[in-house]
Amino acid sequence: SKEKRYTDTRVDEQDRELSIKSTPVSLMLEDFNSKTNLINILDCPGHVNFNDEVTASLRAVDGVVIVIDAVEGVMLGTEKAIQQAIAEDVDITVMISKMDRLIVELKLPPEAAYFKLLQLLGDVNRIIVDTAMGEVTVNHGADSENLNKKKYKRISPELGNVCFSSGQHGWSFTLTTFAHMYCKQYNNTNTNKKNGIDIASIQSNSTSNSNSTSSGTVNEINGLEPNTIHIEQFVKRLWGDWHHDNDRDCFTKSKSTKTTRTFIKFVLEPLYKIYSHVLGENPDDIGKLTKKLNIRLASSELHLDTKPLLRIIFSRYFGFPHGFVDMCMKHVRNPIDGNKKKVSKYYRGNQANTTSTNTDNNSNNSNDTDSIASYMNNCDSDPNTPLMIHTMKMFSSPDGEKFYTLGRIYNWRVVCAR
């Protein structure tokens, strides 16, 4: 039987297993702090032939998650989406999907997989810089380079704006996800050397008042308990030219035969071990591995086929996709800030923030154009204010008898008729 495709609501989409139209979805998702956030998502087709769906959707959103195949890399559709996102001035984040293909299909060793991901992100940043520079130069002249650095953030995992995933096996993570996992394990065991982590270089030390920072020590972090790992410091060491010295058990930027790149050691190697044990189809080996990972499996689950077994193991290994939620909340602007940008860009009425002092009889009317811009900027929910919706497109119902409208509500609210 076919897998459920929740955003492919049309019959032709389900038959072709291909997204054709944009589909809006509202989800209540938890972040690392167990705070529930409402995230409105527009799932857009990735095929370049349906690029008009992306164009319309970009005008309704505050940020984009560019989904890129880990094997195929940056394609024409990806480049177009990035260029359109910059033209619409929305925040950009990246999800590298189908990570399992690097392990199962290409059978790349961990180091080769790392450099392939590094090259992919390099291509993304090159497109962003080239597009941004071209746009900024026209508008702002000689100071384009400085404006570009302020306006467009580099896409890199240690900054938190990159997520890795596998839809086939139902998992996703950011570097913060692994940092939380290792920190939780260390704090529970309260040992100074756990899983090869140099705790001294990523913990807050209440007895140190030094202002110097090196590969072996970090500054005291105010507000943290003594001898607990500082997650942000750990995340910075999980990508790039950071290595782990296996003999001295510390982090360093000096590469040698005794060091292992941190992303490989702490992120890729655990994934590779899980895949190798499950694909080996030896229930005893799988049982030993899951016990080490503190994952409980029923005896009946141990004998499942590899695909459902991998989904179960990874769902219990990573848990809820807090990393993806955290990425969206931190790197996509909030709706109020997004409203202000979009009102200034698209609204053709008066952009004043205060109501007019005109003595005309209609000056107190709530529909005054001066007031409307202010209402939209503040996401005003006062029922006395006019309802403002920016409609992007219309699409027909499956029976062809009516049209649905896709739009962004700027102020007040819309209630379904009963």
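I call a residue buried when its relative accessible area is under 20%, exposed when over 50%, and partly exposed in between, with a 1.4 Å probe and protein chains only. Helices (H or I, at least four residues) and strands (E, at least two) are DSSP runs, numbered from the N terminus.

I am working on a predicted model, where local features need pLDDT of at least 70, side-chain atom pairs count only at pLDDT 80 or more, and totals for chains, interfaces and linings use all residues. Residues are numbered from 1 along each chain as its sequence is written, and side-chain values use heavy atoms, with hydrogens and water left out.

**Entry 1: helix H10**

I looked up H10, residues 283–292, and found Ile 286, Leu 289 and Thr 290 as its buried residues. They lie on the same side of H10, because they cover an arc of only 95° around the axis. The arc is taken from the directions from the helix axis to the C-beta atoms. On the other side of H10 I found Asp 284, Lys 288, Lys 291 and Lys 292 exposed.

Next I checked both ends. At the start of H10, a side-chain oxygen of Asn 282 comes to within 3.1 Å of the backbone nitrogen of Asp 284. Just after H10, Asn 294 has a positive phi of about 60°.

**Entry 2: what H10 packs against**

I then asked: which helices do the buried residues of H10 pack against? They are H9 (262–279), H11 (299–302) and H12 (306–318).

Axes are lines fitted to C-alpha atoms, for helices over the stretch in contact, and angles run from 0 to 180 degrees between N-to-C directions.

I listed the contacts (heavy atoms within 4.5 Å). Lys 273, Ile 274, His 277 and Val 278 of H9 meet Asp 285, Ile 286 and Leu 289 of H10.

**Entry 3: helices H2 and H3**

I moved to H2 (residues 51–58) and H3 (residues 76–87), whose axes come within 10 Å and cross at roughly 25°. That crossing makes H2 roughly parallel to H3. On the H2 side I noted Asn 51, Val 54, Thr 55 and Leu 58, which meet Lys 80, Gln 84 and Ala 85 in H3.

How many of the 8 residues of H2 are buried? I got 6, so I wrote H2 down as mostly covered. Among them are Glu 53, Ala 56 and Ser 57. The cover includes H3, helix H14 (335–346) and strand S2 (36–43).

How values were computed: Polar contact = N/O pair within 3.5 Å; in protein donor to acceptor, adjacent residues only side chain to side chain. Parallel < 35°, antiparallel > 145°, perpendicular 65-115°, else oblique.
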